[in-house]
Amino acid sequence: MAAEGKTIDALSQFELTTALGPIGAAVNFTQSNLFMLIAGGLILALMHFGMRPAAVVPGRFQALAETCHEFVHSLVTEQIGPEGRRFFPFVFTLFMFILFGNMLGMLPYAFTFTSHIVVTFTLAMIVFVLITVVAISLHGKKFLGYFFPEGAPIWLAPLIIPVEIVSYLSRPVSLSIRLFANMVAGHVMLKVFATFVVLMGSAGAVGVFGAAAPLAVNVALVGFEFLVAFLQAYVFAILTSIYLHDAVHLH
Amino acid sequence: MDTRNGFDERLRKARQRKGLDREKLSQGRLPGSGAIGLRAGVEVVSALVVGVGIGWLLDRWLGTFPWFFLVFFLIGGAAGVLNVYRLFTPRKRPGDPAMPDAVAGTKNGSRTGGGRRQDD
């Protein structure tokens with residue numbers, strides 16, 4: 001599809017189209033929304049059906065569900081501390097949603113909803129609003145001291161305070177750009193090398209041998225993309241935990 | 001399952017008290033220089049984006065085109081450098097003995113941490 005007209009069309013995979021036929025078209029229900037629902041449904045199914053046996057020796061799905069729970073739980077308690085347990089449901093939801101979004105995007109014909117900055121920025125803004133609300137509700141006015149470190153000379157305040165505020169405001173931006181850029185870059189690379197395979201393969205007998213190289217690259221890239229898909233979900237979750245730690249403890 | 005989790009938790013606490021797994025405390029950093037480089041780049045770019053955005057909006061509001069833009073461009077750059085600096089300085093851990101007031105200092109620490117031993 002991408003090789004039609006002998007051009008590399010790496011970006012059309014991110015275009016939104018409406019899903020579910022005329023009903024979806026009427027309410028602008030895109031395939032991005034569809035895959036968000038699928039991800040949510042899969043997570044619910046994993047946690048529900050995985051944990052239903054509640055066996056002492058877990059089966060496959062129970063082991064998977066417990067591993068996910070254990071992984072996020074240790075991450076949260078390590079980063080935030082014992083009082084971080086109250087944020088466990090939030091971080092777990094966020095991590096699983098992004099992980100399933102990234103992993104679903106690796107399936108053929110699937111859409112990666114985390115490759116849209118609207119989605120990642122919305123997730124990052126949820127985190128940003130949460131850390132700000134938590135910091136203000138726990139510390140009140142002392143939260144403002146966050147923007148001016150203790151012991152700094154007072155005449156540096158006009159310099160330090162804007163810098164600290166911009167640094168604080170850049171958190172959701174960096175969170176969202178990191179996830180979005182990683183997913184877009186990975187999928188563009190996959191598409192470009194896949195197009196090479198098709199273009200080379202259409203060039204006759206010599207081209208078939210030439211197509212082996214980009215195909216090999218693509219195989220390696222798919223493996224790498226699975227790593228990135230997990231790693232970016234992990235990074236998002238761990239940065240959320242670090243920000244929550246800052247909000248709870250104010251340094 | 002409950003007793004097992006409780007045992008693991010107590011074992012981990014005991015190990016931490018004795019300082020047996022000290023190197024685990026420095027985790028939470030990504031392996032690989034490429035990942036670190038990308039993170040540093042993203043931090044600088046996002047701080048610049050925020051700085052330039054604030055400056056441009058202030059200029060549009062007050063009609064003083066280049067000035068707030070220039071000032072906040074520099075502030076954004078400084079914030080980016082600050083972000084990268086924070087990225088490379090070791091963070092204080094909640095379980096770190098060097099920061100004893102971290103757990104005891106907040107009022108919710110006793111509420112969630114003290115009452116329940118096992119949460120799952």
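# Histidines, aromatic pairs and a cavity in a predicted model

A:H116 sits in the loop between α4 (88-104) and α5 of chain A. The model is a predicted one.

Colleague: Is A:H116 buried or exposed?
Modeller: Buried means under 20% relative accessible area. A:H116 has a relative accessibility of 16%, so the residue counts as buried.

Colleague: Which residues does A:H116 touch, not counting residues up to four places away in sequence?
Modeller: A:H116 lies in a loop of chain A. With those sequence neighbours not counted, the residues touched by A:H116 are A:F14, A:L16, A:F111 and A:F180.

Colleague: Where is A:H187, and is this residue buried or exposed?
Modeller: A:H187 has its place in helix α6 of chain A. Its relative accessible area is 5%. The cut-off for buried is under 20%, so A:H187 is buried.

Colleague: Which residues is A:H187 in contact with, leaving aside neighbours within four places in sequence?
Modeller: Helix α6 of chain A holds A:H187. Beyond those neighbours, the contacts of A:H187 are A:Q13, A:F14, A:G105, A:M106 and A:T112.

Colleague: How many Å apart are A:H187 and A:E225 in space?
Modeller: In sequence, A:H187 and A:E225 are 38 residues apart. In space, taken C-alpha to C-alpha, the separation of A:H187 and A:E225 is 8.2 Å.

Colleague: How many aromatic pairs does the structure hold, and is the pair of A:F71 and A:F230 stacked or tilted?
Modeller: Over all chains, the structure holds 17 aromatic pairs. The ring centres of A:F71 and A:F230 are 5.7 Å apart. Their planes are at 50 degrees, so this pair is tilted.

Colleague: Are A:F71 and A:F230 buried or partly exposed?
Modeller: A:F71 has a relative accessible area of 29%. A:F230 has 31% relative accessibility. Buried needs under 20% and exposed over 50%, so A:F71 is partly exposed, and A:F230 is also partly exposed.

Colleague: Is the pair of A:F230 and A:Y234 stacked or tilted?
Modeller: A:F230 and A:Y234 both lie in helix α8 of chain A, four residues apart, about one turn of the helix. Their ring centres are 6.3 Å apart. The planes are at 10 degrees, so the pair is stacked.

Colleague: Is A:Y234 buried or exposed?
Modeller: The residue lies in helix α8 of chain A. With a relative accessible area of 19%, A:Y234 is buried.

Colleague: Which residues form one aromatic cluster?
Modeller: A cluster in chain A brings together Phe and Tyr residues. Its members are A:F128, A:F143, A:Y146, A:F147 and A:Y168.

Colleague: What is the volume of the second largest cavity?
Modeller: The whole structure was searched, and two cavities of 30 Å³ or more were found. The second largest cavity has a volume of about 30 Å³.

Colleague: Which element gives the most to the lining of the second largest cavity?
Modeller: Among the lining residues are A:F143, A:Y146, A:R171 and A:D246. The elements giving two or more residues are α5 (117-139), α6 (157-201) and α8 of chain A. The most, three residues, comes from α8(A).

Colleague: How many charged residues are in the lining of the second largest cavity?
Modeller: By class, the lining has seven nonpolar residues and no polar ones. The number of charged residues is two.

Colleague: Is A:N28 buried or exposed?
Modeller: A:N28 has its place in the loop between α1 (21-26) and α2 (31-51) of chain A. Its phi is positive, about 55 degrees, although A:N28 is not a glycine. Exposed means over 50%, so A:N28, at 56% relative accessibility, counts as exposed.

Colleague: What is the phi of A:A54?
Modeller: A:A54 is found in the loop between α2 and α3 of chain A. Most residues other than glycine have a negative phi. A:A54 is not a glycine, yet its phi is positive, at about 50 degrees.

Definitions and conventions
Residues are numbered from 1 along each chain as its sequence is written. Chains are lettered from A and ligands numbered from 1 in the order in which they are written. This is a predicted model: local features need pLDDT of at least 70, side-chain atom pairs count only at pLDDT 80 or more; totals for chains, interfaces and linings use all residues. Side-chain values use heavy atoms; hydrogens and water are left out. Rings of Phe, Tyr and Trp (its six-membered ring) pair if their centres lie within 6.5 Å; planes under 30 degrees apart count as stacked, over 60 as edge-to-face and the rest as tilted. Buried means under 20% relative accessible area, exposed over 50%, partly exposed in between (1.4 Å probe, protein chains only). On a 1 Å grid over the protein atoms alone, a cavity is a set of points where a 1.4 Å probe fits but cannot get out, and a pocket is an open set with protein on both sides within 12 Å along at least five of seven lines; lining residues have an atom within 4 Å of a point. Grid points are joined across faces, edges and corners, and a volume is the space filled by probe spheres set on the points. Ala, Val, Leu, Ile, Met, Phe, Trp, Tyr, Cys and Pro count as nonpolar, Asp, Glu, Lys and Arg as charged, and the others, Gly among them, as polar. Contact means heavy atoms within 4.5 Å.
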